[in-house]
Amino acid sequence: MSANATPPRPDHGDGGQHGVDITRLIAGAVVIVVFSMVALVALPYWLTAPAAEAPAFPKPYSAQQLAGRQVYIANGCVYCHSQQPRDPSLGPDQARGWGRPSVPGDYRYDTPHLLGTMRTGPDLFNIAVRQPSRDWHLGHLYQPRAYLAGSIMPAYPYLFETRRGLAQPGEVVVSLPQGIVEPGVRVVAKPEAVALVEYLLSLDHSYPVTGTATAGGAR
């Protein structure tokens with residue numbers, strides 16, 4: 001071969017194949033995106049669509065209950081308590097007295113949702129049914145072990161004031177078992193404690209659930 005021979009030019013004959021590969025890549029990406037949207041958005045919406053309209057209950061929270069809900073969040077109650085009883089096929093929640101399995105319509109007015117992921121303490125989905133006493137809840141917040149000897153729940157004394165003398169008009173005095181405070185000392189609930197208890201007393205999901213609220217769940 002002569003030293004002055006012209007080197008062969010590169011073959012660009014695969015340009016069409018390269019274009020086809022790009023087209024296939026784009027088409028595959030579109031298919032993946034569409035499939036993801038159907039699986040993660042459209043399908044869950046379709047499955048829960050019957051629950052979009054809330055039943056006659058639950059009712060919207062009052063301003064005081066909403067304030068108590070914020071106290072619930074601020075004190076980390078959601079880290080130890082759930083609000084989502086399971087179906088009997090998944091656990092003995094109903095046998096424990098925690099109520100029927102929850103359905104999407106139960107959380108119509110919950111923003112953010114406080115479903116919880118731990119059960120260091122009992123589920124509170126129906127705590128107002130199990131324990132409807134306002135005095136009990138206030139005293140339990142002040143000193144849980146005065147009501148349940150083996151309780152590991154922390155006390156919340158900073159939600160209360162202790163002092164001697166008569167309570168002022170409008171103040172909520174906590175009725176405690178004997179021996180919890182010294183004679184003559186009164187425990188007065190702060191507004192935060194009162195609001196928190198009002199929120200707990202709103203957690204009553206014992207109302208019947210119709211087919212439109214179950215999305216295929218319990219009736």
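Predicted model: local features only at pLDDT ≥ 70, side-chain atom pairs only at ≥ 80, totals over all residues.
Close-up 1. A disulfide would need two cysteine sulfur atoms within 2.5 Å. C77 takes part in no disulfide, and the nearest cysteine sulfur to its own, that of C80, is 8.2 Å away. C80 is likewise in no disulfide, its nearest cysteine sulfur being that of C77 at 8.2 Å.

**Close-up 2. Accessibility of C77 and C80.** Are these two cysteines buried or partly exposed? C77 has a relative accessibility of 13% and counts as buried, because the limit for buried is under 20%. C80 has a relative accessibility of 31% and counts as partly exposed.

**Close-up 3. The place of D106.** D106 sits in the loop between two helices, α2 (63-74) and α3 (127-130). The relative accessible area of D106 is 2%, so this residue is buried.

**Close-up 4. Polar partners of the D106 side chain.** Which side chain makes a polar contact with the side chain of D106? The partner is the side chain of Y207, at 2.5 Å. A polar atom of the D106 side chain also lies 2.8 Å from the backbone nitrogen of V103.

**Close-up 5. Residues around D106.** Leaving aside residues up to four places away in sequence, D106 touches P58, R100, F125, H205 and Y207.

Technical notes: Residues numbered from 1 in each chain as written. Heavy atoms only, no water. Helix = DSSP H or I, 4+ residues; strand = E, 2+ residues; numbered from the N terminus. Buried < 20%, exposed > 50% of the residue type's maximum accessible area, 1.4 Å probe, protein only. Polar contact = N/O pair within 3.5 Å; in protein donor to acceptor, adjacent residues only side chain to side chain. Contact = heavy atoms within 4.5 Å.
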